[in-house]
Protein chains: 2
Amino acid sequence: MGDGPILHEYAASGNCYKIRLTAALLDMAIERREYDIMKGETRTPDFLAGVNANGRIPVLQIGDRFLPESNAACFWLAEGTHLVPHDRFDRADMLHWMFWEQYNHEPNVATLRFWMRWIGEENLSALQRALIPAKQEAGRAALALMDGHLATHDWLAGQDISLADIALYAYTHVAEESGLFDLGDCPGIRQWIARIEAKPGYVAMAA
Amino acid sequence: MGDGPILHEYAASGNCYKIRLTAALLDMAIERREYDIMKGETRTPDFLAGVNANGRIPVLQIGDRFLPESNAACFWLAEGTHLVPHDRFDRADMLHWMFWEQYNHEPNVATLRFWMRWIGEENLSALQRALIPAKQEAGRAALALMDGHLATHDWLAGQDISLADIALYAYTHVAEESGLFDLGDCPGIRQWIARIEAKPGYVAMAA
């Protein structure tokens, strides 16, 4: 065990994968500690008091300090590297896509994958079931907005891959796993996925 | 009209206020352009094609480029100033609170204010009405988490006010307007609100 960053995670979570992919593209080693969210292992008193009062993974531990929120952890790892644009506007534009991901994309595309594939439609509450059509519509709109941008840009912000691409790749490339989205309609997204997967150091979600 | 940044906004939106408050605390001038979201003025073809394909305000215009997402706009204004911590961990920790705000706080605390005070409970859809209890519970949990942190820290990240405080102040200080939250239970938050409002350059939401 070294003194490098430690990722507290649930490996199948796209939010955790963002951090592993960032580290891999930067050739940085991170230690991994797995928690089973399906068994409530991030809601224990020890986890809430010692790792994250919000009861969620991922959390990136740096020494004795703990950093929740996937996109903030990616920023800690990548600041000053080629994954954060050098230009001031582009750097803020990268953050624009990352905030948009958490507000417009993740609660729809990622939540539906979790509900349909992990929890199972038959185990959802009546309120969750009632939300599926609205989340499907909002997720489709988010994917269409990305696809429109990627029709005329190779990358979401700046001139090369950045944390914006990593943050949005995580749940976009597995969006179809919910059974509610079809990337066949999104040629811009499919070509962008191929560009990301061709980058040196790329690691798959299951790696 | 100068060549400084232009804020495309709806002034009563806390997300827009974050940007005005950041500029005020930095003594930076910004030009303001108002859109009435209640009349759909951010969903017109011209707005979608020219300002923000996502149909939302705020958008910060810098020259001929457009930056959506309130927290990204604040970052563009404040990077390199005292509102962004100098320490690497603290800077990422500031972003942690800003991502948390968009995922855990805004969709509950701000959405309920908008629904109850702007749209009116009687005009909500059945699905929106069904979501009120869950959003109230999640909003209370978010406020309790902030209050717990602020019981032992003057500021959310680092040693002084940062964009994290501005991002969370915007909707926290008006949380009670929905009629569903009570800051009387949150002494840490109330003292933190007073610290923010005492900062030189502070401007109120209605200013």
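**Entry 1: the core**

I looked up the largest nonpolar core of this predicted model, and of its 116 residues L163(A) and L163(B) touch the most other members. I noted that a nonpolar core is a set of buried Ala, Val, Leu, Ile, Met, Phe, Trp, Tyr and Cys residues joined through C-beta atoms within 7 Å. A residue is buried if 20 or more other C-beta atoms lie within 10 Å of its own, exposed if 12 or fewer, and partly exposed in between, with the C-beta atoms placed from the backbone.

For my own bookkeeping, residues are numbered from 1 along each chain as its sequence is written, and chains are lettered from A and ligands numbered from 1 in the order in which they are written. Since the model is predicted, local features need pLDDT of at least 70 and side-chain atom pairs count only at pLDDT 80 or more, while totals for chains, interfaces and linings use all residues.

**Entry 2: L163 in both chains**

I found L163(A) in helix α6 of chain A, where helices (H or I, at least four residues) and strands (E, at least two) are DSSP runs numbered from the N terminus. L163(A) has 28 C-beta neighbours inside 10 Å and therefore counts as buried. Leaving aside neighbours within four places in sequence, I listed T22(A), C74(A), F75(A), A78(A), L83(A), V84(A), M94(A) and M98(A) as its contacts, two residues being in contact if their C-beta atoms, placed from the backbone, lie within 7 Å. M94(A) is 69 residues from L163(A) along the chain, yet their C-alpha atoms are separated by 6.8 Å.

In chain B, with residues up to four places away in sequence not counted, I found L163(B) touching T22(B), C74(B), F75(B), A78(B), L83(B), V84(B), M94(B) and M98(B). Helix α6 of chain B, residues 163–172, is mostly covered, with 10 of its 10 residues buried. The buried residues of α6(B) pack against α1, α3, α4, α5 and α7 of chain B.

**Entry 3: helix α1 and its partners in chain A**

I compared α1(A), residues 14–25, with α6(A), residues 163–172, and their axes come within 8 Å and cross at roughly 140°. Axes are lines fitted to C-alpha atoms, for helices over the stretch in contact, and angles run from 0 to 180 degrees between N-to-C directions. The two helices are therefore oblique to each other, given that angles under 35 degrees count as roughly parallel, over 145 as roughly antiparallel, 65 to 115 as roughly perpendicular and the rest as oblique. On the α1(A) side I noted residues including G14(A), Y17(A) and L21(A), which meet a set in α6(A) that includes L163(A), I166(A) and Y171(A). By class this contact has 7 nonpolar, 3 polar and 1 charged residues; Ala, Val, Leu, Ile, Met, Phe, Trp, Tyr, Cys and Pro count as nonpolar, Asp, Glu, Lys and Arg as charged, and the others, Gly among them, as polar.

I then turned to α3(A), residues 70–78, whose axis comes within 9 Å of that of α1(A), with a crossing of roughly 10°. That makes α1(A) roughly parallel to α3(A). The residues of this contact divide into 6 nonpolar, 3 polar and 1 charged.

**Entry 4: where the chains touch**

How many residues does the contact take from chain A and from chain B? I found 28 residues from chain A and 28 residues from chain B. On the side of chain A that touches chain B, β4, α3, α4 and α5 each supply at least two residues, and α4(A) gives the most, with 11 residues.

I found a cis peptide bond joining I57(A) and P58(A), with omega about 0°, and P58(A) is in the loop between α2 and β3 of chain A. In chain B the peptide bond from I57(B) to P58(B) is cis, with omega near 5°.

Is E69(A) buried or exposed? E69(A), which has a positive phi of about 75° although it is not a glycine, is buried, with 28 other C-beta atoms within 10 Å. D27(B) also has a positive phi, of about 55°, but D27(B) is exposed, with 8 other C-beta atoms within 10 Å. I placed D27(B) in the loop between α1 and β2 of chain B.
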